[in-house]
Amino acid sequence: MKMIFRWFPGGNDSVPLEYIRQIPGVSGVAVMLSDIPVGDVWPLARLQSMKAEINSAGLEVEVVESVNIHEDIKKGLPTRDRYIENYIKTLKNLSKIGIKCLCYNFMPVMDWVRSNLEFPLEDGSTAMYYNHEEVLKMNPALIAEEMLGNSNGYYLPGWEPERLKAMSADIEFYQNMSEEKYWENMKYFLDAVIPYAEEYDIKMAIHPDDPPFPVYGLPKVINSAENIRKFLKLNNSPYNGLTLCTGSLGGNKDNDIPAIVKEFVAQGRVHFAHIRNIKHMDEKEFTESAHLSQCGDLDMYEVVKAFHDNGFDGYIRPDHGRMIWGEKEARPGYGLYDRALGAVYLLGIWEAIHKGSHISRKN
Ligand SMILES: [Mn+2]
């Protein structure tokens, strides 16, 4: 297992690499080139200079999060083949700088959604907040305004401007598409790309939908154990795997997170883990919380134990964090302090479980 940290290159992050290097036990970063339009090839020279910058700070770069999927692929339009070809070219370039794992998502139109990016918690910190009724009351344009207007001047991954322009028309398009057709489009993409992922030795790791239930009638697919089983069967290669995000799947309280971790880690299909906690106020209303078990709904000991005991050997990163200790300028969810606390807490649980399991084996 390797503990990593998300970082946005090219002056797009308030957290310097030097600080990440000082978090005990963090060996590398997960990165993306956010200025490349969705559907274009990521240039090798850019990737090489990014890798050099990260390596010279004493960190590894083996994970990319995310190369976003062009909407035409999700819609199943004839133009998808061109974008799939570009995706494969990007994979090839990623392999040349030693990328081992690629996180992506297959969410239509909108990426992750929150109704408030700076929701005040009792202890004076702020966290991202989701309220389904509020989201439905706002139209998609207002949601985009909330997401982008409060992002401290940073672009938000998954909320690219060109994506927002077409939003209303895209929503209508998907409302007229059956969910089965959406699954077919996903399989078409996987069957085209996975053979190359195998050749280039890059594990593809799909991220669950966030929130894990439909918004504006858009299809949601990666949101439960049952649907993950269906997804993995679309293409049986071990290179067709998961980013297991406990906070995204945890948005639905019916999802038994330790059981989901156990099932898919045991099958060798989980390559990347986002571990964070969330706290529900209602069925579809929650805040993101500190990682500690007692601060949220998820039992982090059981979650980490399920990864450890089933032989997980991929990458883990703390996921979103709260804003604490006066940190104001960071991108939403991606401040330094709370995520650093999360990383070290998770490493502490891992060490305790690991050493404990050796002792019990000896006895
Ligand atoms: Mn996540």
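This is a predicted model: local features need pLDDT of at least 70, side-chain atom pairs count only at pLDDT 80 or more; totals for chains, interfaces and linings use all residues.
In a sheet, strands pair through backbone hydrogen bonds, and the pairing is either parallel or antiparallel.

**A pair of helices**

Two packed helices are described by the angle between their axes and the distance between the axes. For helix 12 (residues 257-266) and helix 13 (residues 300-309), the angle is about 5° and the axes are 8 Å apart. Angles under 35 degrees count as roughly parallel, so helix 12 and helix 13 are roughly parallel to each other. On the side of helix 12, the contact is made by Ile257, Pro258, Val261, Lys262 and Val265. Helix 13 contributes Glu302, Val303, Ala306 and Phe307. Sorted by class, the contact between helix 12 and helix 13 has 7 nonpolar residues, 2 charged residues and no polar ones.

**Nonpolar cores**

The largest nonpolar core has 85 residues. Val29, Val64, Leu102 and Val261 have the most contacts inside this core. Helix 9, which spans residues 179-200, gives the most to the core, with 6 residues. Leaving aside neighbours within four places in sequence, leucine 102 is in contact with Val64, Val67, Leu94, Ile202, Met204 and Ala205.

**Hairpin**

Strand 5 (residues 116-120) and strand 6 (residues 126-131) run antiparallel and are joined by 3 bridges. Asparagine 116 has tyrosine 129 in strand 6 as its bridge partner. The two strands form a hairpin with 5 residues between them. In the turn, glycine 124 has a positive phi of about 90°.

Asparagine 131 also belongs to strand 6. This residue has 18 other C-beta atoms within 10 Å, so asparagine 131 is partly exposed. Not counting residues up to four places away in sequence, asparagine 131 touches Ser115 and Glu285. Asparagine 131 and histidine 280 are 149 residues apart in sequence, yet their C-alpha atoms are 9.9 Å apart in space.

Most residues other than glycine have a negative phi, and most peptide bonds are trans. The table lists exceptions.

| Site | Feature | Value |
|---|---|---|
| Glutamate 65 to serine 66 | cis peptide bond | omega near 0° |
| Aspartate 210 to proline 211 | cis peptide bond | omega about 5° |
| Tyrosine 216 | positive phi | about 55° |
| Tryptophan 325 | positive phi | near 55° |

Serine 66 is in the loop between strand 3 and helix 3 (71-75). Proline 211 lies in the loop between strand 7 (203-207) and helix 10 (225-234). Tyrosine 216 is also placed in the loop between strand 7 and helix 10. Tryptophan 325 is in the loop between strand 12 (315-318) and helix 14 (337-362).

Technical notes. Residues are numbered from 1 along each chain as its sequence is written. Axes are lines fitted to C-alpha atoms, for helices over the stretch in contact, and angles run from 0 to 180 degrees between N-to-C directions. Helices (H or I, at least four residues) and strands (E, at least two) are DSSP runs, numbered from the N terminus. Angles under 35 degrees count as roughly parallel, over 145 as roughly antiparallel, 65 to 115 as roughly perpendicular and the rest as oblique. Two residues are in contact if their C-beta atoms, placed from the backbone, lie within 7 Å. Ala, Val, Leu, Ile, Met, Phe, Trp, Tyr, Cys and Pro count as nonpolar, Asp, Glu, Lys and Arg as charged, and the others, Gly among them, as polar. A nonpolar core is a set of buried Ala, Val, Leu, Ile, Met, Phe, Trp, Tyr and Cys residues joined through C-beta atoms within 7 Å. A residue is buried if 20 or more other C-beta atoms lie within 10 Å of its own, exposed if 12 or fewer, and partly exposed in between; C-beta atoms are placed from the backbone. Two strands pair if DSSP finds at least two bridges between them.
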